[in-house]
Amino acid sequence: MAATNDVRLDEIDRQLVRLLVANSRTPNATLAAQVGIAPSTCLARLRSLVERGVVAGFGADVDLAALGLDLQALISVTILASARQRIAAFSAEIRALPQVVQLFFLGGSEDFIIHLAVRDTNDVREFVLDHLSAHPAVASTRTSLVFEHHHPGPTV
């Protein structure tokens with residue numbers, strides 16, 4: 001179920017979301033103790049957050065470097081004006097590539113930002129040449145290397 005724009009959260013819900021963002025594997029009893037409610041109440045609130053679309057899933061925060069993917073890059077992509085009808089197909093093609101961590105579809109001067117995780121600069125170069133520069137819908141790209149990445153989570 002998708003979240004609506006008017007989902008109302010009280011302070012307990014906000015605390016639970018912050019705790020889940022920090023560590024989605026925190027046991028229910030620990031969450032309950034940290035926000036000062038009974039475990040059964042906590043479980044009901046967590047289910048409600050999921051049902052209302054506030055919590056869309058529970059995932060792992062993977063250390064990409066531990067997988068040998070020591071380099072991350074953000075690649076901005078502009079699609080040719082004549083290829084606008086290919087945006088959905090381009091998006092699907094890029095999302096299917098194993099090097100792609102995230103894909104952002106944007107409003108503004110650039111159409112996409114691709115978050116890439118690879119071994120080294122040669123892999124970035126090959127990705128750009130093989131999947132972007134050679135793509136008939138791509139007008140231009142701009143690559144930035146990521147030195148550090150911090151994701152503290154939403155402020156709710």
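User: Which residues in α1 meet which residues in α2?

Analyst: Ile-12, Gln-15, Leu-16, Leu-19 and Leu-20 in α1 meet Leu-31, Gln-34 and Val-35 in α2. Contact here means heavy atoms within 4.5 Å. Helices (H or I, at least four residues) and strands (E, at least two) are DSSP runs, numbered from the N terminus. This is a predicted model, in which local features need pLDDT of at least 70 and side-chain atom pairs count only at pLDDT 80 or more, while totals for chains, interfaces and linings use all residues. Residues are numbered from 1 along each chain as its sequence is written, and side-chain values use heavy atoms, with hydrogens and water left out.

User: At what angle do the axes of α1 and α2 cross?

Analyst: The axes of α1 (residues 11–22) and α2 (residues 28–35) cross at roughly 130 degrees and come within 10 Å. That makes α1 oblique to α2. Axes are lines fitted to C-alpha atoms, for helices over the stretch in contact, and angles run from 0 to 180 degrees between N-to-C directions. Angles under 35 degrees count as roughly parallel, over 145 as roughly antiparallel, 65 to 115 as roughly perpendicular and the rest as oblique.

User: Why are α1 and α3 called roughly perpendicular?

Analyst: Their axes cross at roughly 80 degrees and come within 11 Å, and α1 and α3 are therefore roughly perpendicular to each other. On the α1 side the contact includes Asp-13 and Val-17, and on the α3 side Arg-45 and Leu-49. By class, this contact has seven nonpolar, no polar and two charged residues.

User: How do α2 and α3 pack?

Analyst: They pack at an angle of about 100 degrees, with their axes 8 Å apart. That makes α2 roughly perpendicular to α3. Asn-28, Leu-31 and Ala-32 of α2 meet Pro-39, Cys-42, Leu-43 and Leu-46 of α3.

User: What makes the pair Arg-45 and Asp-10 a salt bridge?

Analyst: A salt bridge is a side-chain nitrogen of Lys or Arg within 4 Å of a carboxyl oxygen of Asp or Glu. For Arg-45 and Asp-10, the N to O distance is 3.0 Å. Arg-45 lies in α3 (residues 39–51) and Asp-10 in the segment before α1, so the pair ties together parts that are 35 residues apart in sequence. By this rule the count comes to eight salt bridges.

User: In what order do the strands form the sheet?

Analyst: Four strands form an open sheet in the order β2-β3-β1-β4, with antiparallel pairing. Both β2 (100–105) and β4 (138–146) stand at the edges with a single partner strand each, so one side of each is left without a neighbour in the sheet. Neighbouring strands are turned by 20 degrees against each other on average, direction ignored.

User: How many bridges join β2 to β3?

Analyst: Five bridges join β2 to β3 (residues 112–118), and the two run antiparallel. Two strands pair if DSSP finds at least two bridges between them.

User: Which strands does α5 touch?

Analyst: Helix α5 (residues 121–133) packs on the sheet and touches β1, β2, β3 and β4.

Methods. Ala, Val, Leu, Ile, Met, Phe, Trp, Tyr, Cys and Pro count as nonpolar, Asp, Glu, Lys and Arg as charged, and the others, Gly among them, as polar.
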